[in-house]
Amino acid sequence: MLAAAVDHLAIGNWMFSAVNRDEDSPMPEAPEPIPRPGEAEASSSPDGEAEPPPSGDVTMPAPWEIARFFG
């Protein structure tokens, strides 16, 4: 969720600078999104397209792990 918040702030700053730029200056480049865990492995396919994780490899954390994370 933190990466999403950073991405939204970056887009907001980019839009502000794009709207308030001088008419003769070039449009600023859009920000790159922050990488998320698991995206590096998925985006490293030879054709460059992200592949969904294979079903069955995803494990849910145990309730005690979730409680320890938020505790």
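Guide: Buried means under 20% relative accessible area, exposed over 50%, and partly exposed in between, using a 1.4 Å probe and protein chains only. This is a predicted model, in which local features need pLDDT of at least 70 and side-chain atom pairs count only at pLDDT 80 or more, whereas totals for chains, interfaces and linings use all residues. Residues are numbered from 1 along each chain as its sequence is written, and side-chain values use heavy atoms, with hydrogens and water left out.

Visitor: In what order do the elements of the protein chain run from the N terminus on?
Guide: The protein chain has three helices and zero strands, both taken as DSSP runs numbered from the N terminus (helices H or I with at least four residues, strands E with at least two). Read from the N terminus on, the order of these elements is therefore α-α-α.

Visitor: What percentage of the residues of the protein chain count as buried?
Guide: The protein chain exposes about 6500 Å², with 64% of that area supplied by carbon and sulfur atoms, as computed by the Shrake-Rupley method with a 1.4 Å probe. Of the 71 residues in the protein chain, the share that counts as buried is 7%.

Visitor: Which residue forms a salt bridge with R36?
Guide: A search of the whole structure finds one salt bridge, defined as a side-chain nitrogen of Lys or Arg within 4 Å of a carboxyl oxygen of Asp or Glu. Side chains of opposite charge can pair when their charged atoms come close. Here the closest N and O atoms are 2.5 Å apart, and the partner of R36 is D7.

Visitor: Is D7 buried or exposed?
Guide: D7 has its place in helix α1, which covers residues 2-19. Leaving aside its neighbours within four places in sequence, D7 is in contact (heavy atoms within 4.5 Å) with E32, P33, I34 and R36. R36 is partly exposed, with a relative accessible area of 28%. Because its own relative accessibility is 13%, D7 counts as buried.

Visitor: What is the angle between the planes in the aromatic pair of F69 and F70?
Guide: A search of the whole structure finds one aromatic pair, the rule being that ring centres of Phe, Tyr or Trp (its six-membered ring) lie within 6.5 Å, with planes under 30 degrees apart counted as stacked, over 60 as edge-to-face and the rest as tilted. F69 and F70 form this edge-to-face pair at 4.9 Å centre to centre, and the angle between their planes is 85 degrees.

Visitor: Is F70 buried or exposed?
Guide: Its ring partner F69 is exposed at 66% relative accessible area. Because the relative accessible area of F70 is 65%, F70 is likewise exposed.
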